[in-house]
Amino acid sequence: MQVELAVQLCAQPSASDCCLTRSGAQELQFACPGELRKAGFPVSEGQFAFEHIFENDVSAKQIYDSMVQEMTQRFFTERQSNVVFTYGQRGTPKRQLLFGGSCGISETISESCGLAQLALHQIFASGDSPDVLCLQAFVLGVNEQVVDLQDPENCQARFSDPSAAPRLLDVSKVRVRSYSAAVEALLKITQNVEDIFRECPGEEGG
């Protein structure tokens, strides 16, 4: 298994709030802010290494070209499964990096595209693209409620008995045979993501 770690440095309200600074080409120095230290935060400082460090204004396409493009290619050449996930505090553009915004989704590749669309474009542009690609997308809520992003009204979507190896059940699958069909499915998924998170207070940013 190969793991790559990347971090994006997001703008802070003021310099005094900044707790991460570059200490090398692929290293960050962490210094715990004073208020957190007073509250008992267990780590006062540390140094961390990453395969990639991106600045605040990086686009999803730049991230894709730097690290995800090769992963997508390995899917064909080595039949290697891949997982890409984003993690960060509230207000950082996690969903936007993965999906982009629905208003910017079209068949044209641009800096506003999300990682999912860029991967689909690469898959269908390659000579090894499958005849049929099945897409599934869902959100797992805090109470393990599964929301089907192809059909949010689907009340049957769920995980199997968690005491055994969990399996995803009854989530919609859309079968696409072309890049244009994949973009159409992705647009629907992204619109549903935006609708779902728009209803969550404080989740506008990501």
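Ground rules: I'm working from a predicted model, where local features need pLDDT of at least 70, side-chain atom pairs count only at pLDDT 80 or more, and totals for chains, interfaces and linings use all residues. Residues are numbered from 1 along each chain as its sequence is written, and side-chain values use heavy atoms, with hydrogens and water left out.

Entry 1. I looked for aromatic pairs (Phe, Tyr or Trp rings, the six-membered one for Trp, with centres within 6.5 Å) and found two.

Entry 2. I checked Phe30 and Phe41: ring centres are 6.2 Å apart and the planes sit at 50°, so I noted the pair as tilted (stacked is under 30 degrees, edge-to-face over 60, tilted the rest). Phe30 is in strand S3 (27-31) and Phe41 in the loop between helix H1 (34-38) and strand S4 (45-49), so the pair ties together parts eleven residues apart in sequence. Helices (H or I, at least four residues) and strands (E, at least two) are DSSP runs, numbered from the N terminus.

Entry 3. I looked up accessibility: Phe30 is buried at 12% relative accessible area, while Phe41 is partly exposed at 40%. Buried is under 20%, exposed over 50%, partly exposed in between (1.4 Å probe, protein chains only).

Entry 4. Around Phe30, I saw Leu20 standing opposite in the strand pairing. S2 (20-24) and S3 run antiparallel, joined by four bridges (DSSP must find at least two for strands to pair), and they form a hairpin with two residues between them.

Entry 5. Next I took Phe138 and Phe159: centres are 6.0 Å apart and planes at 80°, so this pair is edge-to-face. Phe138 is in S7 (138-140) and Phe159 in S9 (158-159), so parts 21 residues apart in sequence are tied together. Phe138 is partly exposed at 34%, and Phe159 is partly exposed at 32%.
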